[in-house]
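This report goes through selected features of one protein chain. The sequence and structure come first.

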Amino acid sequence: MRVLVAEDHRVLARTIATGLRRQAMAVDVAAAGDEAERMCLLTAYDVLILDRDLPVLSGDEVCRRLRELQDPPRILMLTAAGELTDRIYGLTTLGADDYLAKPFDFTELVARVRVLSRRAPKPPATVLRFASITLDETRREVSVDGRPLELTPKELAVLHLLLVAGGAPVSHDELVRTVWDEHLDPRTSAVRATVSRLRGKLGDPGLILADKGEGYRLCD
């Protein structure tokens, strides 16, 4: 799940982002409304946690503009204005999908984000196969030669990208951009370490090859 937190209070934004990352979500942060809008136009977020009182461009205006997109993210309004009339305005007039008043319980925030992500339009469920590897996208289950594997969310996301590529190379930058988030240092060894663990779980190091200068690809 990919989430954008649009919140100008730095401590609160960092707290929310850190907590959601611990829930295996990829999280980006925007501190102003125009930045949030730009990021949503460039990246397909599942959920946008949107503060109404953002600088430059208000959260209300961001919500209105994003609702004009063909496939907007689900929007959770996060604001200090928690009166009934404010909630009704946010949900009906602005078109937000959910509304949570500050202060809030973090476990409730996580629950609401997960519910919103399930409401997002999903492509038809498919089973991806390559060589001896099978990935059931609906059940998020992976097997090799019928042997089930237990993968971490990052390992599963990396394998999914490689399977979709169907043997074509997937670049290091694409893996960082899709599986992690914008805060990951592109020079980090996180991608290499995740691929190494994935190779070990697949049981055949030759199933994932490193193409120098191009990234990683599956090989049968």
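## Overall content

The coordinates are those of a predicted model. The protein chain contains 8 helices and 11 strands. It has 220 residues, of which 42% count as buried.

Among contacts in the protein chain with a separation of 6 or more, 57% are between residues 24 or more positions apart.

## Helix 8

Helix 8 runs over residues 190-202 and has 13 residues. From its first C-alpha to its last, helix 8 reaches 18 Å, which is close to the 18 Å expected at 1.5 Å a residue. Its buried residues are Val 191, Thr 194, Val 195, Leu 198 and Leu 202. These lie on the same side of helix 8, because they cover an arc of only 100° around the axis.

The other side of helix 8 carries the exposed residues Arg 192 and Gly 200. Just after helix 8 comes Gly 203, with a positive phi of about 85°.

## Packing of helix 6 on helix 8

Two packed helices are described by the angle between their axes and the distance between the axes. For helix 6 (residues 153-165) and helix 8, the angle is about 85° and the axes are 10 Å apart. Helix 6 is therefore roughly perpendicular to helix 8, given that angles of 65 to 115 degrees fall in this class.

On the helix 6 side, the contact is made by Lys 154, Glu 155, Val 158 and Leu 159. Helix 8 contributes Thr 194, Val 195, Arg 197, Leu 198 and Lys 201. Of these, Thr 194, Val 195 and Leu 198 also belong to the buried residues of helix 8.

## Helix 3 and Asp 60

Helix 3 covers residues 59-66, and its buried residues are Gly 59, Asp 60, Val 62, Cys 63 and Leu 66. They cover an arc of only 165° around the axis, so they sit on the same side of helix 3.

Asp 60 has a relative accessibility of 13% and therefore counts as buried, the cut-off being under 20%. The side chain of Asp 60 is joined to that of Arg 52 by a polar contact of 2.7 Å.

## Glu 7

Glu 7 is located in the loop between strand 1 (2-6) and helix 1 (10-21). Its relative accessibility is 3%, so Glu 7 counts as buried. The side chains of Glu 7 and Lys 102 are joined by a polar contact of 2.9 Å.

With neighbours within four places in sequence left aside, the residues in contact with Glu 7 are Leu 12, Ala 13, Ala 30, Ala 31, Asp 51, Leu 54 and Lys 102.

## Leu 116

Leu 116 is part of helix 5 (residues 106-119). Its relative accessibility is 0%, so Leu 116 counts as buried.

Residues up to four places away in sequence not being counted, Leu 116 touches Val 47, Arg 74, Ile 75, Leu 76, Asp 97 and Asp 98. One of these, Asp 98, is 18 residues from Leu 116 along the chain, and the C-alpha atoms of the two are separated by 8.0 Å.

Terms used:
Residues are numbered from 1 along each chain as its sequence is written. This is a predicted model: local features need pLDDT of at least 70, side-chain atom pairs count only at pLDDT 80 or more; totals for chains, interfaces and linings use all residues. Side-chain values use heavy atoms; hydrogens and water are left out. Helices (H or I, at least four residues) and strands (E, at least two) are DSSP runs, numbered from the N terminus. The expected span of a helix is 1.5 Å times one less than its number of residues. Buried means under 20% relative accessible area, exposed over 50%, partly exposed in between (1.4 Å probe, protein chains only). The arc is that of the directions from the helix axis to the C-beta atoms. A polar contact is a pair of N or O atoms within 3.5 Å; within protein, one must be able to donate a hydrogen and the other to accept it, and residues adjacent in sequence count only if both atoms are side-chain atoms. Contact means heavy atoms within 4.5 Å. Axes are lines fitted to C-alpha atoms, for helices over the stretch in contact, and angles run from 0 to 180 degrees between N-to-C directions. Angles under 35 degrees count as roughly parallel, over 145 as roughly antiparallel, 65 to 115 as roughly perpendicular and the rest as oblique.
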